[in-house]
Amino acid sequence: MRYNIAGIIVDMNVRFPRLRSQSKTYEYNGDRETNVKIHLTDRFFNERLAENPHLDYEMIEYIWMGSEFYNALIRFNGMLLHSSCVVYEGKAYLFSAPCGTGKSTHTQIWLKRFPGAYILNDDKPAIRITPDGVYAFGTPFSGKTSQNVNASVPIAGICILDRDTTNHIEPIDPDDALFNILNQTVRPPEEDSMDMLLTTLDKILRSVPVYRLYCNMDLEAAEVSYNGMNGGNK
């Protein structure tokens, strides 16, 4: 079966219910050529299961299909950002941080505070440089949840989250943001792919403003992050 994921035509041999369900809205029956082929063999499944006995075949497929896709994405002016991406008024806002910091909790606050907001991808949105600018894309690979939408949305800002007792936000210089972003993406072992990733990331950071948000989990946190990235009051 072929899928259109982040504007890339992907041939995947999906076998198990979770990925089949989450990929349904990405199915593609058009005439474009296949860009990426990801077929996991029986041998691959058995090897991964031997290495990871706590997983089952369904989770192996979900995790490694996603990993293969995001590695391929690097060849298409794109990258994964481990983040929760919320969309409001036609703009995407990505909140990134190490696991357990509260990315998803923060974007859920946006859903409560701003009617009409929705989650584009709750854990692994794709970012691509397009002729129209830098866009976030939903993908069927959304971490522990099924929260993803097959859509592309221009990015208004990227926020690196830190917990604090009060809410405040500040812009980050692109050079200072580089290390934080690299820690939250796939870093390929191949030198040429790493070069492509660094080139793409540099272009993204020169085009999209990056912020550090210090926040608690009050509704005010959503207001502070929105206002800080839009220069106004909401």
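Is K24 buried or exposed? K24 is exposed, because its relative accessible area is 53% and the exposed class begins over 50%. The model behind this value is predicted.

K24 has a charged partner. E27 forms a salt bridge with K24, and the closest N and O atoms are 3.6 Å apart. E27 is partly exposed, at a relative accessible area of 31%. The general idea is simple: side chains of opposite charge can pair when their charged atoms come close. Across the whole structure, a search finds ten salt bridges.

R48 forms a salt bridge with E51, with 2.9 Å between the closest N and O atoms. Both residues belong to helix α2, which spans residues 42-51. R48 and E51 are three residues apart there, so about one helical turn separates them. R48 is buried, with a relative accessible area of 12%. That value falls in the buried class because the class covers everything under 20%.

The side chains of E223 and R113 meet in a salt bridge, at 2.7 Å from N to O. E223 lies in helix α7 (residues 219-230), and R113 lies in helix α4 (residues 103-113). The pair therefore ties together parts that are 110 residues apart in sequence. E223 counts as partly exposed, at 25% relative accessibility. R113 is partly exposed too, with a relative accessible area of 24%. Back in the R48 and E51 region, salt bridges that share partners join R43, E47, R48 and E51 into one network.

Charge also gathers on the surface. E190, E191, D192 and D195 form a patch of negative charge there. D195 lies in helix α6, which covers residues 191-207. D195 counts as partly exposed, because its relative accessibility is 44%.

Next come the aromatic rings. How many aromatic pairs does a search of the whole structure find? The search finds 16. F69 and Y70 form one of them, an edge-to-face pair with 5.2 Å from centre to centre and 70 degrees between the planes. F69 and Y70 are both buried. Y70 has a second ring partner, F141. The ring centres of Y70 and F141 are 6.0 Å apart, and their planes stand at 70 degrees, so this pair is edge-to-face. F141 is buried, as is Y70.

Elsewhere, a group of rings comes together. Y88, Y93, F95, W110, F114 and Y226 form one aromatic cluster.

Now follow the chain into the loop between α3 and β4 (78-80). I74 lies in this loop. I74 counts as buried, because its relative accessibility is 3%. N77 counts as partly exposed, because its relative accessibility is 42%.

The backbone at N77 deserves a look. Most residues other than glycine have a negative phi. At N77, phi is near 55 degrees, a positive value in a residue other than glycine. E89 also has a positive phi, near 55 degrees, and is likewise a residue other than glycine. E89 lies in the loop between β5 (83-88) and β6 (91-96).

The tour ends on a strand. Where is V210 placed? V210 is in strand β12, which covers residues 210-215. V210 is buried, with a relative accessible area of 3%. The C-alpha atoms of V210 and C159 are separated by 5.8 Å, and the two residues are 51 residues apart along the chain.

Terms used
Residues numbered from 1 in each chain as written. Predicted model: local features only at pLDDT ≥ 70, side-chain atom pairs only at ≥ 80, totals over all residues. Heavy atoms only, no water. Patch = residues over 30% accessible without salt bridge, like charges linked within 9 Å, V, L, I, M, F, W, Y side chains within 5 Å. Areas by Shrake-Rupley, 256 points an atom, 1.4 Å probe, with all protein chains shown as cover. Salt bridge = Lys/Arg side-chain N within 4 Å of Asp/Glu carboxyl O. Lys, Arg positive; Asp, Glu negative; His and termini not counted. Charge placed at Lys NZ, Arg CZ, Asp CG, Glu CD. Helix = DSSP H or I, 4+ residues; strand = E, 2+ residues; numbered from the N terminus. Buried < 20%, exposed > 50% of the residue type's maximum accessible area, 1.4 Å probe, protein only. Phe/Tyr/Trp six-rings, centres within 6.5 Å; stacked < 30°, edge-to-face > 60°.
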